[in-house]
Structure formats: C-alpha cells, structure tokens
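Please read the numbered points beside the sequence and the structure.

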Amino acid sequence: MRNILVFFIGILIAILPATAQAPKKLSSSEAFHALQKLNFLGSALYIAAHPDDENTRLISYLSNDVKARTGYLSITRGDGGQNLIGPELRELLGVLRTQELLAARRIDGGQQFFTRANDFGYSKHPKETLKLWDKASVLSDVVWVIRNFKPDVIINRFDHRTAGSTHGHHTSSAILSTEAFDLAGNATIYPEHLSKTATWQPRRLFFNTSWWFYGSRENFEKADKSNMLNFDTGVYYPLKGLSNNEIASLASSQHLCQGFGRLTTRGSEKEYIELLKGDLPQDENNIFDGIDTSWSRVKGGAAVGDILYAVADNFNFSDPSQHLPELLSAYTLIQKIEDPHWRLIKTGEIEDLITAVTGLYLEASADFAYSNPGNSIIVNLEALNRSNAQITLKSVKVGNSMASEKEIALAHNTKKNLEIEMLIPEDAEYSSPYWLAEKGSLGMYKVDNPDIIGSPETARKFFATFELEINGTPLHLKKAVIRRYSRPDKGELYQPFEVLPEASSRIEDKVIIFSDSSPKQIPVTIKALKDNLKGEVQLCFSEGWKVDKEVIPFEIINKGEEKTLIFTLTPPEKEDENYISPIVKIDGKELTKELISIAYDHIPTQSVLLPSEAKVVRLNIQKAGEHIGYIAGAGDKVPESLEQIGYIVHTISPSDIQEGSLDKYDAVVMGIRAYNVLPELKFKQDLLFKYVHQGGNLIVQYNTAGRWDRAYENIAPFPLKLSRDRVTNENSPVEIIAKDHALVNFPNPIEPKDFEGWVQERGLYFPSEWDPNFTPILSMNDEDETATKGSLLVSPYGKGHYIYTGLSFFRELPAGVSGAYKIFANMLSIGKDKVDSENDIKG
Ligand SMILES: [Zn+2]
C-alpha cells in the first residue's frame, strides 16, 4: 500500500510542472467545476499512437461534461514527424510535441501519459512496428499506466482489426491496448509492477469509430449501431461560455508544430464508440452506466458525499469562501479513506478547491531560472490569504532550508513575503527530459527508473512546502519552485526552475563532409551557465583523424555568455564516417553535453541536454558541374549538404524562371514537395522542359500523389504517374537494375555498400507507371512486398536529362550518408563527360 502511495506522489509531482508554470487561479465558476469533478469518482483512458491522434472532442467531453478523470496515453512522443514552426526534429521534436500535448490537456482538462516507444517514422504494418518497438516492453508500459491510472473505461482511437489500412503505429496502439485490457488484472503478468502498484481490471473497452472508418457517411448511417454508444460532443457549457467542441479546437490547436492551428467549431456533433470488450451499458449515452461513480464507491466516502453534494447543490458563486467549513470537514474525512488511490487523488483535488475558495496565493520564485549543483539560490516566497478565513502559516521550507519566521498569521489580503536560501545538492540531477538521459534504440527509449515510465516529463525536484492551519485544520501545500519575471515585449512569464551543468558546448554543423583531404576549421561554442567560468576544451576524435591543438583554454565572465573556439581537423586519406565531441574541463569536472533550449509562446521553455558531438565524413567523391539552381519546396537541407561537397547552390523561386534564365546552371533541383506547395510552378513547366531540351539537367525530388497532380499531367516531359509506393525500412535490400547506366557509374561507381547506413526510410511516393523513355535504375521493396522500380527514373530529353526520384535524400544527406552523396553527385553530373579537377571540388 505504501508503495502505491509513493508511485502516486511521483505521478502527481510529474504532473505538477505542467500546471505549475503559470499558477491556476480559479474563478468561482471554475471552482464549481472543480467541485463537480471532486464529486465524480470515475476514470477514462484514451489510447492512440501519436501526439495529434487524440480526439480532443471526446477527451474534453469526458473531462468537462461527464466530469471524469480523463487521460490520454500516447504510445509515442511523435519524434518522427515534421516541424512547421522551427528547427527541432527527431528527439527534440518529441520534446516539443510532448509539451504541445500537455498544453492541449491544460485546455481540455485531461492528463497525459506516454510509453517508452519511439516514433521511428512511417511504418506500413503493425508487424514491423511491434518488432522495432520491443512489443513486450511497450505492452508492459501500457499495462503499467492502466494499473496506476485505473481507468473504468478505455477508448482506442484506432481499430485493432484492420492491420495495414493505416500507419502501423496506429494499429499497434489498438492492438497493445486490447491486449493490455485483458492482462492488467492478471497478477502473473508483469509481476514486477506489483511491488509498486496493484492489478486493475478496466470494465469496458471501446473503439472510437466514425463514418470515416466505414468509407462514407451513407455506409455509416446504415451500419448496425446496437453495439455503440453516442454522445453529443457539441454540448454548451454556460459556466465557461464555451461549447465542448470549441474547447476541443482550442486544445488541438496547440499542436502548432504540425500545423494544427484551426478555427473553433460549435453546435451539436455526435461521437460514436463501439464496445469491444466488457458489458454493454443500458444507457447508450452514458459510458459509466452501471459503474458507481459516486462517493459511495469508496469505503468511508459516503460521509464525504453527504457534505460535498450539499455544497454543490447550493454553491455560492458570489462568495465561495462561505463553503470553507464544509470543505475542511470533507478534507479531514478524505484523509481517513483507506483506499490510497482515491485518497491521494481526492486530497489533491480538495486542496486545490480550498486554495481557490480562500483566494490563497502561494508562490516560490527563484532569483534566476537555473543554477548548478553545489550552488545556493535565493527563493522568494509569497503567501496571501484573500478571504476572511483564519489562516496561519505555521512554517515554510524550500528543499531542506526552513524559514526562520514561523507562526505567521495571514491576515485578510495582506501579503507576506519571505526569502529562503536553498542549496542545490552536489549530486542533483540535471533538468532534462528523462527519456533522453541515455541512448536508446531505434524503436525504444531507455529509462532506467521503472517508476517514472508513463510520466509525460521529468519530475520537478525543488518545492516549497507551506505548513498551514486553516480555521484550525492543518494542511500542507507544495509549490514547485519556478522563476517569475517579466519582459517588456511579453509581459509576465513563468519558467520552470532548472539545474544545469556549469557549461555546455556545441558544434553548429552536426554533419561535416570532407570531400578531399584538406583540413577544415571546426568552431566549438562554449556557453557559460555560471559566472566567472574558467577552463579548457578538448576535442575528442577517432583514429586516422588529426586535431591541431590538444586543448584550448578559455574564460567567460558572465552566466549566459558564449565564446567560440576554433580547432582544425584533418581527415584521413581513406573514406571514413566518425564522430568528434568536445569535452569542457572545469575544476576537475568533465562536461560533455550540449544545451538546447526549445522556446515557444505556447509551451514552457524546455532545456534539453544531449551529448555534444558532430558526425565527420571523409568521402572520396567525384563530381562534374558547379552551379546548381535550387527551387525550395516544403523545406529541406539538401542545398546546405550540396554546399558541403563544394557545389555553389543558387536558390531560385518560380518567378525567377524566365526564358533562358536557367541556362547558367549545371543542374536545376526541385526541393521536396515543390509541386505540392508551389502552385505557380505549373506555369513554368514549359520553360523547365525547354531548359532540359537544350542540354540542362532537371532533378525532381518526391512530391506526394494526390488531387493536385491531375493539374500536372505534364510533371515530366514524358508521362509519369505518381503513387503512394514507399519503402519504409531503411535497411531494405536494393538492387541496381540498370548496371551500365551513367547514373550508377559516372563519376562515382555505385556499389551495394552505398546503400548501407541509410536512415529512417529508403524513399516515398515512388511513381508506379512511366513512359518507355524512362530508365528505372533501382529496384527495392519492404519485406513481403513486390519490388518497386520507381525510386530513381531517368530519361534523356533533347540534349539534356530529366530525373525523378523519391529516394529520401532530404533525410540521408543531412545525416551524412556517404552513398546518398555519391548518387546525388552522379545525378547532378549526368550528361557531362569529365569530372572537375580536385582543386575545383573544394568548397
Ligand atoms: Zn498518428
């Protein structure tokens, strides 16, 4: 029992920081809503695969209309997606999307959970997904979340019965949920959980269906709905002045990095859920029908209900502090409830309500947003009672430091400020997302402490504990230490207080390509995270590489200031892929992390510490041509990558394409999805083809197939039909089928090893049909699928060449994949008969 309690304190603390940035100060209608939720003892858990999969209409409906504890378990943090608002990708995108989910939950009233599964990119089938995810571990995490959150009902976003019809992660989330529903109540399954929590059997499992899964609205009209419940998720909440669907739109509009900002919607809207397991409710509109969700559910709860239902029936909106005596009596009774699960949840809820009705404001703000282990910080405390209740601040401590002043009477609306000096222990852990502390695998994060699995973010470590007596009832309330400050252009801001190392280091370019044996300068930027920083930097490298200096000493006066030091790195003669990493040495400590700050207005600023390193690649690459015209599409880093191997890249916009304007380029390259995002390109097709006909070289990277492409019957000078064919396994075998073609021979001979070390996928949206003028160069396929030959197609046209490729160069080049560079250089060089001399290649 004690262990369960420990876990829940853990989970509550983990949830705290999300709400602890800007403190919630409840209006009386919000306090009334909190009271209604306090009076509801039932829980629902929604399960899907990614941030943005969740149906915020249903989550908001369950949380705000039904008043249930409502959770969203997203199997992944969405690392594999795109980012429309900034540079964060991969694990950093996962951090951003985690915070966007928390922001959405602050609006719709839900709680957020995750597993250790990593969003490794698109997956066609759950079979592939569950291999990369380590199914047993992810299933354990789902069971763990169920055993701790204890939902009465679980709702799957996706259908576990239709593998292959959607993203493999989607179907897998439903498969895992369905299996976990059967396992969570069985003590022989994952018995290692049971020293920390207890088994739990949810009562019902549903699938959140809709017409979309039936192909059309007409089909769904006709479908048998005897096994379904339905809710009006457009219900209006007068106390909020908002419809449920308006709240849902506001919540899903937090997914800004995925471009989910959208209009709010209003009006009646039906949502359907299909029963998969458990008993069918009698009432088709009540998911909790037949489940006791009243205070009588728990032993000792009926007496609490007697008090709190009466308060709800006669709630005083103009002066809710009138209810303080009843709330304090209920609080005392809740402390005697034996069931630790509900005791802990309801204690937290009633503490919030008591705080709200007394207008009690408690805050602990550090004098700086971060500090280092072993340092002391000043924490400014504020305690204010805005009611007529008798409130005494018996004592207050921050960390282990107790304020000397005790027994302070908090008189009505008279602010009490205190200052406490807090020591950050030498062994304090750095504030960084816990799931990134160690290197995981492609499909899984590594988390050493099993107790924190499921938590959305790293638990805050520093709290102020206020020991209070309110009208004679003792209460202790905890507030996470934050940093409150203002900026003239932003107003008041709250930031989590963080513990960071004394310094961080960074190499700006994460991949550095050496296309010959010339040395390159490597700038290493040191950021001071304390005042008067003095130390030295060493650059670690691998055998065969050479660095000009053993160490470079440095001194930085001010916290927050940066200094850039230059090492010169000489590559080996032969081809090699390796890593370099700076070590900052200060007072006998070796600091090896880069600090990445993720700052947007819709989320609390995130500090992420990752190993400071850069990939270095020595390539023996030949190329012909020099000047490349690049038409940027949806955004990729291909131009920067081409510059690394010595090309001069000129960015051109569709309006720059005029008669003869392209003739100066050795090749013209379309960025990814250029035809999808640049509608004006269709007026330039004739000029582009004319450029090719007169001897130019046009390379078109992937575009998504869709409605738009009918307007582009002439995407190529000869017929070409795009499809959704993709090869998602980056290790899928590749066969060179046009062995004698220049594309695989000149100037770089392409060999099987050039298809090793690729990342995330081979390619996507390959053409499925093409004119006989095209030569397919490669053949590839994912396991158990037929081979596709559309990944790289080339056709002569007039004196020039047209190339269409769905190969994922936009992923491979920035990742420093040697083979991808060679194939790209060959594409750019096609039609030329001699390579540039060594001297010309240098960038
Ligand atoms: Zn998804």
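1. Is H50 buried or exposed? In this predicted model, H50 has a relative accessible area of 6%. H50 therefore counts as buried, because the term applies under 20% relative accessible area.

2. H50 belongs to the zinc site. The zinc ion is coordinated at 2.1 Å by ND1 of H50, OD of D53 and NE2 of H170. Along the sequence these donor residues follow the spacing H-x2-D-x116-H. D53 has a relative accessible area of 9% and is therefore buried.

3. Four strands form an open sheet in the order 22-24-28-26, and their pairing is antiparallel. Its edge strands are strand 22 (503-507) and strand 26 (546-547), each of which pairs on one side only.

4. Within that sheet, strand 24 (residues 520-528) and strand 28 (residues 562-570) run antiparallel and are joined by eight bridges. V524 has L565 in strand 28 as its bridge partner.

5. How many disulfides does the count give? A disulfide is a covalent bond between the sulfur atoms of two cysteines. With a cut-off that places the two sulfur atoms within 2.5 Å, the count comes to zero disulfides.

6. Two cysteines may be inspected individually. C257 is buried, because its relative accessibility is 0%. C540, at 23% relative accessibility, is partly exposed.

Note on methods. Residues numbered from 1 in each chain as written. Predicted model: local features only at pLDDT ≥ 70, side-chain atom pairs only at ≥ 80, totals over all residues. Heavy atoms only, no water. Pairing = 2+ DSSP bridges. Helix = DSSP H or I, 4+ residues; strand = E, 2+ residues; numbered from the N terminus. Donors = N, O, S within 2.8 Å, 3.2 Å for Na, K, Ca; no water. Buried < 20%, exposed > 50% of the residue type's maximum accessible area, 1.4 Å probe, protein only.
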